[in-house]
Amino acid sequence: MNYELAYSTFDEKERNAMYKIIQSDMFTMGKNVKAFEEEFALFFGKKYAVMVNSGSSANLVGVASLFYKKENPLNRGDEVIVPCISWATTYHPLQQYGLKLKFVDIDLETLNYDIEELKKAITPNTKMIVTVSILGNPNYYDEIEKVCEENNIILFDDNCEAMGAKYNGKFTGTSGLINTYSTFFSHHISTMEGGLILTDDYEIYCLCKSLRNHGWTRDQEPDSPIYEKKGDDFFEAYRFILPGYNVRPGELQGAIGLEQIKKLPDMLIQRRKNAQYFVSKFKDDKRFIIQKEVGESSWFAFTLIISPNSNLKRDSVFMALKKAEIGYRIITGGNFLEHDVIKYFDYEVTKSENASYAHNYGFFVGNSPQDMTKEIDLLYKTLKDL
């Protein structure tokens, strides 16, 4: 492959960190996970971080916690607004907890919520809005936070694709009651597999810690508000208080995370440099719509959508990319409404034309924290004469 979707960011530092864990012979969740959680929360200016084994698990545990908080918990049948385009496990926990989804169309240039459509979709029944900053491009958070505040709606920010992005100088993934992240291989930092939940809410923090950990009381803070300790330590050792999961990370993931978070600022700078070059090559090519940056994108990848006015055929574009050995994929997960699994959901749709267009005529190619000039030149040359 001449242009991969993602590249490794590990070097001797990550390998030495892993070797120390191997030498210690202590692999299950412990001090390295704890230290990474603290560093991660500090980096993004939030009070609490909970690490889990994937971004998908972060969404699952985050949604679950909202059902067990003492005041105004979510209930089965509550209405949740979601964008038409995102990854499957943005939606699956919502379905698994019996929520009713209302799908709102995206803006074809930013690939995030069409803000006016989002505002029109809100009703007195709306309990939560899920935001997703597609491929690192921030949503218009000022508008979304305002409507959430005015209507007493929970903001759940699935930031799995946008670590390090900023809107109005503020990191995405910090505006929600719950904010989720992925540290999978292709993401902005990698712990092999992994994910995190960020929140400033102490009760949510304690609930998430229990839910990732069998739903038991072990590892709770001494002043945890989610249970009252009893006197018999024998039963306290295996005391289950929530219908939780085992989605704990291991010490290898924690140790790698401690090294990767140090690299994040420089890796973001390089991703943005690559993006500047990509935009310079394609901004005047009217055959394609490229993603319009909002705020400071962290540029997970680069998107190209064949313009409605273009004579280009999708199949000829894909054939050229294959021949040049350039990796490409549907944008995030495409329009979720077009996947077979939608038959299992309780949902309604306000509008989805733009999402369907991006689904059928769009694709992304990779970005990574290394100089991508050669790869972008290959992409430009491959598409130039079609």
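Reader: Which residues are linked with Arg212 and Asp219 in a network of salt bridges?

Author: This model is predicted. In the network of salt bridges, Arg212 and Asp219 are joined by three further residues.

Reader: Is Arg212, which meets Asp219 in a salt bridge, buried or exposed?

Author: The side chains of Asp219 and Arg212 meet with N and O 3.4 Å apart. Asp219 has 36% relative accessibility and therefore counts as partly exposed. Arg212 has a relative accessible area of 2%, and because the limit for burial is under 20%, Arg212 is buried.

Reader: How many salt bridges does the structure hold, and what separates Glu116 from Lys119 in helix H5?

Author: The structure holds 22 salt bridges, and one of them joins the side chains of Glu116 and Lys119 at 3.8 Å, N to O. Glu116 is partly exposed at 49% relative accessibility, and Lys119 is partly exposed at 33%. Because the two residues stand three apart in helix H5 (residues 115–121), their separation is about one helical turn.

Reader: What is the distance between the closest N and O atoms of Asp285 and Arg287?

Author: Asp285 counts as buried at 15% relative accessibility, and Arg287 counts as buried at 18%. These two residues form a salt bridge, and their closest N and O atoms are apart by 2.8 Å.

Reader: With which side chain does the side chain of Lys263 make a polar contact?

Author: Lys263 lies in helix H9 (residues 251–282) and counts as buried at 17% relative accessibility. Neighbours within four places in sequence aside, Lys263 is in contact with Thr9, Phe10, Asp11 and Glu14. The polar contact of its side chain, at 2.8 Å, is with the side chain of Glu14.

Reader: What accessible area do Tyr19, Ile22 and Phe27 have together?

Author: Phe27 lies in the loop between helix H1 (12–24) and helix H2 (31–44). With a relative accessible area of 36%, Phe27 is partly exposed. Together with Tyr19 and Ile22, Phe27 forms a nonpolar patch on the surface, whose accessible area is about 310 Å².

Terms used. Residues numbered from 1 in each chain as written. Predicted model: local features only at pLDDT ≥ 70, side-chain atom pairs only at ≥ 80, totals over all residues. Heavy atoms only, no water. Patch = residues over 30% accessible without salt bridge, like charges linked within 9 Å, V, L, I, M, F, W, Y side chains within 5 Å. Areas by Shrake-Rupley, 256 points an atom, 1.4 Å probe, with all protein chains shown as cover. Salt bridge = Lys/Arg side-chain N within 4 Å of Asp/Glu carboxyl O. Helix = DSSP H or I, 4+ residues; strand = E, 2+ residues; numbered from the N terminus. Buried < 20%, exposed > 50% of the residue type's maximum accessible area, 1.4 Å probe, protein only. Polar contact = N/O pair within 3.5 Å; in protein donor to acceptor, adjacent residues only side chain to side chain. Contact = heavy atoms within 4.5 Å.
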